[in-house]
Amino acid sequence: MTSAQVEIQLIASIVAIACAIPGTFLVLRKMAMISDAISHSILPGIVVGFFLTEDLNSPWLILLAALTGVITVFLVEYIQKTGLVKEDTAIGLVFPALFSIGVILIAKNANDIHLDIDAVLLGELAFAPFDRLVVNGIDLGPKSLWVIGTILVLTLGLLFIFFKELKLSTFDKGLATSLGFSPVLLHYGLMSVASVTTVGAFDAVGAVLVVALMIAPPAMAYLLTNDLKKMLALAAFFGVLGALGGYWLAHGLDASIAGSMTSVLGVLFLIVYLFAPDKGLLSVMYRQRRQKIEVHLLTFLLHLQNHEEASERHVKHLNEHINWQTVRSKSVLELALKNNMITISDDIISLTAKGKEFTKEAINYIMTNKSAAIEEMKDRFFLFRG
């Protein structure tokens, strides 16, 4: 690998980690699409910052862009709180308006300057190694690496300092307030970090990839764990994996680096979405199917408990009396036998002591709406495990 290839992958990996941290909290707060709004609405801040400094590398561009991002969040929440429109509608109203203001400012005042929409929105990782930071004749590496590296260090520092407060305000605002924390202040602090990260990242990787890195890895982590620390670690891991995998895909296909990274993130999310142990689509479908069979099992056991006559408990008449298909009857019978809840003698089905106890407890739990107790009871009776 050349030094440029190493630098591109390093920049992409650091961007992925930096985006994963605020992205995790945005996903948990159900504000994932605010990152897309921020990535577009900060354009006026960048333009105004350039007009004031006439330097595309000035830190004022990042600060003013971050301020614009916070203003975006404030306007979205203000419109939402009126109760006249929902959050997605508010986002759709605010960020196109701010983005349009930026476009108009560029068209009117920067036509003869290298400040166009491509320059400020569509970064290109392949060019990042050529924009070097040189101090006293010493080449310190790509500027993007220093910018996003600094943002990552600051973000990690703030995360360590305010982790408990962020966790509380994310999951229980009432408790955070009662303990003396300010959820509003923490919220806008988080939005400021998200804005700064977005501005620092998209000059190198582009707005589309920034949004993908801020949403997709935390979304994957959310499907795999309920632990916040593990979620942060998994989000960073998936972000780096998508960045590195996307780079080599682009290298092999001679395609867009940002597009390849976004595509790899999409494929990774699809895999997690389908196969996550607890929240994956296949797991949910299996659980729903299992719950359906459990309901049929309980119906079957109740039928046996309420009918003593042999004709009602004959195997061949099960479909007729409970109005089931043959396949369903067979699966319920097998489950009941596997869990030792019934016995079959001369094609006559009888409840065992375990079956009678299970039926009694299940009815009691259903009547008292103790769903958690039902899960504990199923474990105790080895349902689907025997």
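Is Phe358 buried or exposed? I looked this up in the model, which is a predicted one. Phe358 has a relative accessibility of 4% and therefore counts as buried, the cut-off for that class being under 20%.

Entry 1: I located Phe358 in helix α16, which covers residues 353–367.

**Entry 2: helix α7 against helix α9.** I took α7 as residues 143–171 and α9 as residues 183–205. I found an angle of about 160° between these helices, with 10 Å between their axes. Angles over 145 degrees count as roughly antiparallel, and α7 and α9 are therefore roughly antiparallel to each other. I recorded their crossing as left-handed.

I next listed the residues in contact. On the α7 side they include Val147, Ile148, Ile151, Leu158 and Leu166, together with Glu165. On the α9 side I noted, among them, Pro183, Leu186, Val193, Val196 and Gly200. By class, the residues of this contact of α7 with α9 comprise 11 nonpolar, 5 polar and 1 charged.

**Entry 3: helix α7 against helix α11.** Which residues of α7 meet α11? I found Leu159, Phe163, Lys167 and Phe171 in α7, and their partners in α11 are Leu228, Lys229 and Leu232. I sorted the residues of this contact of α7 with α11 into 5 nonpolar and 2 charged, with no polar residue.

For the geometry, I noted a packing angle of about 115° and an axis separation of 12 Å. The range for roughly perpendicular runs from 65 to 115 degrees, and α7 and α11 are therefore assigned to that class. The crossing of α7 over α11 is right-handed.

**Entry 4: helix α11 itself.** I examined α11, residues 228–253, along its length. It has 26 residues and spans 37 Å from its first C-alpha to its last, close to the 38 Å expected at 1.5 Å a residue.

I then asked which residues of α11 are buried. The list includes Leu228 and Leu232, both of which also meet α7. Other buried residues of α11 include Met231, Phe238, Tyr247 and the glycines Gly239, Gly242 and Gly246. I also recorded Ala235, Ala236, Ala243 and Ala250 as buried.

Finally, I traced what the buried residues of α11 pack against. Their partners are α1 (3–28), α7, α10 (207–224) and α12 (257–275).

Terms used:
Residues are numbered from 1 along each chain as its sequence is written. This is a predicted model: local features need pLDDT of at least 70, side-chain atom pairs count only at pLDDT 80 or more; totals for chains, interfaces and linings use all residues. Side-chain values use heavy atoms; hydrogens and water are left out. Axes are lines fitted to C-alpha atoms, for helices over the stretch in contact, and angles run from 0 to 180 degrees between N-to-C directions. Helices (H or I, at least four residues) and strands (E, at least two) are DSSP runs, numbered from the N terminus. Angles under 35 degrees count as roughly parallel, over 145 as roughly antiparallel, 65 to 115 as roughly perpendicular and the rest as oblique. A crossing is left-handed if the near helix is turned anticlockwise from the far one by less than a right angle, and right-handed if clockwise. Contact means heavy atoms within 4.5 Å. Ala, Val, Leu, Ile, Met, Phe, Trp, Tyr, Cys and Pro count as nonpolar, Asp, Glu, Lys and Arg as charged, and the others, Gly among them, as polar. The expected span of a helix is 1.5 Å times one less than its number of residues. Buried means under 20% relative accessible area, exposed over 50%, partly exposed in between (1.4 Å probe, protein chains only).
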